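This report describes the inside of one protein model, taking its cavity and then its core.

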Amino acid sequence: METTAVSSLGAWVDCNLCMSTHINKICQSVYYHLHNIRQIRKYLTQNSAKLLVKAVIMARIDYCNGLLYNVPAAHLSKLQGLQNTAARLVTYTPKFDHISPVLFKLHWLPIKYRIQFKLGLLTYKAIHFKTPQYSSNLLAIKENKRYSIRSPSNGLLLGDKTSKFKATLGDRSFGASTPKTWITLPKEIRDQIYVKTFKSMLKTHFFRIAYSKFL
């Protein structure tokens, strides 16, 4: 069956919402830039190469990645392959060497956790009204009886009531996916009132999960 895709706010959304077109276009762009960086890699220090890859490559991999929650693993593996290639380029790691220790050394979250990090951050900002109003309106806070205002101390989010009718696509919506990510976070992280502290603790949380065997 023929499929079509349209670009929405920079992300290519296909008719099945599996984001395959978006991911394929990211792959095309990233491999082009990886090729160019490889041509000058010998003139760069490792730290300079890391900064360049972070700005040019990782920025493209992370772009609109909040839309990639729960997409098929085969699609995410393409993005993980891009990150692995970038890590090998920065560190001169041979093709068949295990990549996890390299990512750990670079302090890069794997793709799966980068997506969860983005959702966690978007949720935090929506709860604290640091995003456009429509984002906050997609979330429902479980109110604490001791408080009458919406605050991080009130705790958890209510799930999207419509998601039960859409077992595949509905579960990936912002209103349905964010409560699932938010509830897994430790309360001490959810209760942070400063976004900078929240981001730091959130990355540390996912980093410990991703690389528990190296810690």
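## Cavity and core

Helix H5 gives the most residues to the lining of the largest cavity, namely three. This is a predicted model, in which local features need pLDDT of at least 70 and side-chain atom pairs count only at pLDDT 80 or more, while totals for chains, interfaces and linings use all residues. Residues are numbered from 1 along each chain as its sequence is written, and side-chain values use heavy atoms, with hydrogens and water left out.

A cavity is a set of points on a 1 Å grid over the protein atoms alone where a 1.4 Å probe fits but cannot get out, and its lining residues have an atom within 4 Å of a point. The count comes to one cavity of 30 Å³ or more. H2 and H5 are the elements that give two or more residues to its lining. Among the lining residues are Ile61, Asp62, Arg114 and Ile115.

| Largest cavity | Value |
|---|---|
| Volume | about 30 Å³ |
| Nonpolar lining | five residues |
| Polar lining | one residue |

The largest nonpolar core has 45 residues. Such a core is a set of buried Ala, Val, Leu, Ile, Met, Phe, Trp, Tyr and Cys residues joined through side-chain atoms within 4.5 Å, where buried means under 20% relative accessible area with a 1.4 Å probe, protein chains only. H5 gives the most to this core, with nine residues. Val53, Ile57, Leu68, Trp108 and Phe198 have the most contacts inside the core. Trp108 touches (heavy atoms within 4.5 Å) residues including Lys50, Val53, Arg114 and Tyr211, not counting residues up to four places away in sequence.

How values were computed
Buried < 20%, exposed > 50% of the residue type's maximum accessible area, 1.4 Å probe, protein only. Helix = DSSP H or I, 4+ residues; strand = E, 2+ residues; numbered from the N terminus. 1 Å grid on protein atoms, 1.4 Å probe; cavity = no way out; pocket = protein on both sides within 12 Å on 5 of 7 lines; lining within 4 Å. Points joined across faces, edges and corners; volume = space filled by probe spheres on them. Nonpolar A, V, L, I, M, F, W, Y, C, P; charged D, E, K, R; others polar.
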